[in-house]
Amino acid sequence: MRVLSISSQVVWGPVGNAAAVPALQAMGHEVLGLPTVMLSNHPGHGTPAGIRTGAEDMERMLAALEALGALEGLDALLTGYFASAEQVEAVAQLMERIEVPFVLVDPVMGDHGRLYVPADVSEAIASRLVPRATCLAPNGFELARLSGQDVTGEASAIAAARALGLPEVLATSIPAGEGRLATLLITPDQVHRILTPVLSDVPHGTGDFLSGLYLAGRLLYPPPQALASAMKTLTRAIALSAGTPVLNVALALHTA
């Protein structure tokens, strides 16, 4: 299946498309990766060097892909990190022009109680992309911000997710008590949960990797099976990356 994935791209330390695209390709999907920024590394590893894709450049690239017919028969769209509200608008306008059967929006905004994108980017994602999502993949902070409800545990996360009125919400890093976190797949009438221990020093990129893994599986399987497969691979990646600064995506995808 063909997927358009729009997010950040880094040279070292898989995050954004550098994490999501391999996950999709490993399950046989054709991926068109469009970077919102191109950086040497995630800022968490030190000040990066790189460039931002201008919104007008993004519009031109998307228009060129349309003219080539590359977006015909697109099966899914994945969105992640955006550097500007104008980039978000360019993608929203694309979604108004073409039909995409499955849209996964990873609303990259912030974590641990604070935004790490400008407020206008957060607002643009909320108003222009979230309502179009087939599946939304927020962490607990992002879910609370988007729903306007406190998210303190599983019950409140489920209520907040359902308040958004979307077909699927894949909520991550939800406190589950006793040193555990819940990953919840929430639909209007079902909840599927996987519990994992709280770990320290987990490398950056786990959310991006999970979004790619879940979408890769979701295009082939029902939601519960896609979640179980994605979490199995993510857990393996985290274990393989213990004691290292970056997520070992390649080894996780190619070992059982």
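A salt bridge, as the term is used here, is a side-chain nitrogen of Lys or Arg within 4 Å of a carboxyl oxygen of Asp or Glu. By that criterion, a search of the whole structure returns nine salt bridges.

A word on the source. This is a predicted model, in which local features need pLDDT of at least 70 and side-chain atom pairs count only at pLDDT 80 or more, while totals for chains, interfaces and linings use all residues. Residues are numbered from 1 along each chain as its sequence is written, and side-chain values use heavy atoms, with hydrogens and water left out.

I begin with R60 and D57, whose side chains form a salt bridge at 2.4 Å, N to O. Both belong to helix α2 (residues 55-68), and because they are three residues apart, about one helical turn separates them. Helices here are DSSP runs of H or I with at least four residues, and strands are runs of E with at least two, numbered from the N terminus. D57 is partly exposed, at 36% relative accessible area; buried means under 20%, exposed over 50%, and partly exposed in between, with a 1.4 Å probe and protein chains only.

Next, E168 pairs with R218, their closest N and O atoms lying 2.8 Å apart. How accessible is E168, buried or exposed? E168 is buried, at 4% relative accessibility, whereas R218 is partly exposed at 21%.

Finally, salt bridges with shared partners connect E89, E96, R128 and R132 in one network.
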